[in-house]
Amino acid sequence: MALIDNLLTKVKANLILSHDEDDELLRGLIRAAVSYAEGYQKKKYSRKLPPPTEQAAVMLASHFYESRDGSTGGFFADNVGAAAQTWKTVHLLLAIDKDWQI
(Lines give C-alpha, C1' and ligand atoms only; values in the text may rest on other atoms or scores of the structure.)
Protein backbone atom coordinates (compact mmCIF):
# COMPACT_ATOMS: atom_id res chain seq x y z
CA MET A 1 0.00 0.00 0.00
CA ALA A 2 2.95 2.34 0.58
CA LEU A 3 3.78 2.08 -3.13
CA ILE A 4 0.25 3.11 -4.13
CA ASP A 5 0.10 5.96 -1.60
CA ASN A 6 3.49 7.26 -2.74
CA LEU A 7 2.29 7.22 -6.34
CA LEU A 8 -1.03 8.81 -5.34
CA THR A 9 0.80 11.94 -4.23
CA LYS A 10 2.73 12.06 -7.51
CA VAL A 11 -0.31 11.41 -9.70
CA LYS A 12 -2.29 14.13 -7.92
CA ALA A 13 0.60 16.56 -8.41
CA ASN A 14 0.77 15.59 -12.08
CA LEU A 15 -2.97 16.16 -12.47
CA ILE A 16 -2.85 19.35 -10.35
CA LEU A 17 -5.51 17.92 -8.01
CA SER A 18 -5.74 19.33 -4.51
CA HIS A 19 -8.94 17.61 -3.34
CA ASP A 20 -9.28 14.11 -1.89
CA GLU A 21 -12.66 13.22 -3.42
CA ASP A 22 -11.18 11.00 -6.14
CA ASP A 23 -8.44 9.33 -4.08
CA GLU A 24 -10.04 5.86 -4.14
CA LEU A 25 -10.61 6.11 -7.89
CA LEU A 26 -7.01 7.23 -8.34
CA ARG A 27 -5.71 4.35 -6.21
CA GLY A 28 -7.55 1.92 -8.48
CA LEU A 29 -6.14 3.58 -11.59
CA ILE A 30 -2.65 3.52 -10.07
CA ARG A 31 -3.02 -0.20 -9.30
CA ALA A 32 -4.03 -0.75 -12.93
CA ALA A 33 -1.04 1.27 -14.17
CA VAL A 34 1.40 -0.62 -11.91
CA SER A 35 -0.15 -3.94 -12.98
CA TYR A 36 0.29 -2.93 -16.62
CA ALA A 37 3.94 -2.03 -15.96
CA GLU A 38 4.55 -5.34 -14.19
CA GLY A 39 3.02 -7.30 -17.05
CA TYR A 40 4.93 -5.37 -19.68
CA GLN A 41 8.23 -5.69 -17.83
CA LYS A 42 7.64 -9.23 -16.59
CA LYS A 43 8.53 -8.07 -13.05
CA LYS A 44 6.74 -7.75 -9.73
CA TYR A 45 7.08 -4.62 -7.59
CA SER A 46 6.09 -4.37 -3.94
CA ARG A 47 7.82 -1.34 -2.46
CA LYS A 48 9.45 0.95 -5.00
CA LEU A 49 9.49 1.40 -8.75
CA PRO A 50 12.62 2.35 -10.68
CA PRO A 51 12.38 6.03 -11.75
CA PRO A 52 11.48 5.38 -15.43
CA THR A 53 8.82 2.85 -14.41
CA GLU A 54 7.46 5.23 -11.79
CA GLN A 55 7.17 8.01 -14.37
CA ALA A 56 5.38 5.63 -16.75
CA ALA A 57 2.93 4.61 -13.99
CA VAL A 58 2.24 8.26 -13.11
CA MET A 59 1.66 9.13 -16.77
CA LEU A 60 -0.55 6.10 -17.33
CA ALA A 61 -2.67 6.60 -14.20
CA SER A 62 -3.05 10.28 -15.10
CA HIS A 63 -4.10 9.32 -18.63
CA PHE A 64 -6.63 6.82 -17.24
CA TYR A 65 -8.05 9.54 -14.97
CA GLU A 66 -8.27 12.13 -17.73
CA SER A 67 -10.01 9.69 -20.08
CA ARG A 68 -12.00 7.70 -17.51
CA ASP A 69 -15.18 8.00 -19.56
CA GLY A 70 -13.65 5.64 -22.13
CA SER A 71 -12.76 8.32 -24.63
CA THR A 72 -9.77 10.54 -24.97
CA GLY A 73 -11.13 13.25 -22.72
CA GLY A 74 -9.71 15.99 -20.61
CA PHE A 75 -6.25 17.17 -21.61
CA PHE A 76 -6.25 14.91 -24.66
CA ALA A 77 -9.68 15.94 -26.01
CA ASP A 78 -8.43 18.18 -28.82
CA ASN A 79 -5.76 15.83 -30.08
CA VAL A 80 -6.25 12.10 -30.39
CA GLY A 81 -2.59 11.88 -31.40
CA ALA A 82 -1.64 13.01 -27.91
CA ALA A 83 -3.21 9.85 -26.46
CA ALA A 84 -1.16 7.71 -28.85
CA GLN A 85 1.95 9.67 -27.89
CA THR A 86 1.22 9.04 -24.22
CA TRP A 87 1.14 5.28 -24.82
CA LYS A 88 4.30 5.43 -26.93
CA THR A 89 6.12 7.34 -24.18
CA VAL A 90 4.85 4.94 -21.49
CA HIS A 91 6.16 1.99 -23.51
CA LEU A 92 9.53 3.66 -24.07
CA LEU A 93 9.86 4.31 -20.33
CA LEU A 94 8.79 0.75 -19.43
CA ALA A 95 11.25 -0.74 -21.94
CA ILE A 96 14.17 0.71 -19.94
CA ASP A 97 13.61 -1.71 -17.03
CA LYS A 98 11.97 -4.54 -18.95
CA ASP A 99 13.21 -8.06 -18.29
CA TRP A 100 14.37 -8.84 -21.82
CA GLN A 101 14.71 -12.59 -22.11
CA ILE A 102 16.50 -14.08 -25.06
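Guide: Here is a walk from the whole chain to its charged pairs.

This is a predicted model, in which local features need a pLDDT of at least 70 and side-chain atom pairs count only at pLDDT 80 or more, while totals for chains, interfaces and linings use all residues. Residues are numbered from 1 along each chain as its sequence is written, and side-chain values use heavy atoms, with hydrogens and water left out.

Let's start with the overall layout. The chain has 4 helices and 0 strands, in the order α-α-α-α along the sequence. Helices (H or I, at least four residues) and strands (E, at least two) are DSSP runs, numbered from the N terminus. The mean pLDDT of the chain is 88, and 89% of the residues score at least 70; pLDDT is the predictor's confidence in each residue, from 0 to 100.

Next, what lies inside? Of the 102 residues, 40% count as buried. Buried means under 20% relative accessible area, exposed over 50%, and partly exposed in between (1.4 Å probe, protein chains only). The largest nonpolar core holds 24 residues, and Leu7, Val11, Leu26, Ile30, Val34 and Leu49 touch the most other members. Helix H1 (2–15), H2, H3 and H4 each supply at least two residues of this core. A nonpolar core is a set of buried Ala, Val, Leu, Ile, Met, Phe, Trp, Tyr and Cys residues joined through side-chain atoms within 4.5 Å. In soluble globular proteins, nonpolar side chains tend to be buried together.

Now for the part you asked about. How many salt bridges does a search of the whole structure find? The search finds 6, where a salt bridge is a side-chain nitrogen of Lys or Arg within 4 Å of a carboxyl oxygen of Asp or Glu. Side chains of opposite charge can pair when their charged atoms come close.

Look at aspartate 5 and arginine 27, whose side chains form a salt bridge with an N to O distance of 3.1 Å. Aspartate 5 lies in helix H1 and arginine 27 in helix H2, so this pair ties together parts that are 22 residues apart in sequence. Aspartate 5 is partly exposed, at 31% relative accessible area, whereas arginine 27 is buried, at 15%.

Arginine 27 also meets glutamate 24 in a salt bridge (2.7 Å, N to O). These two residues are 3 apart in helix H2, which means about one helical turn separates them. Glutamate 24 is exposed, with a relative accessible area of 55%. Through shared partners, salt bridges join Asp5, Glu24 and Arg27 into one network.

Another pair to find is aspartate 23 with lysine 12, whose closest N and O atoms are 3.0 Å apart. Aspartate 23 lies in helix H2 and lysine 12 in helix H1, so the pair ties together parts that are 11 residues apart in sequence. Both of these residues are buried.

To finish, visit two loops. Isoleucine 16 lies in the loop between H1 and H2 and counts as exposed at 75% relative accessibility. Its phi is near 55°, a positive value in a residue other than glycine. Lysine 42, in the loop between H2 and H3, has a positive phi too, near 60°.
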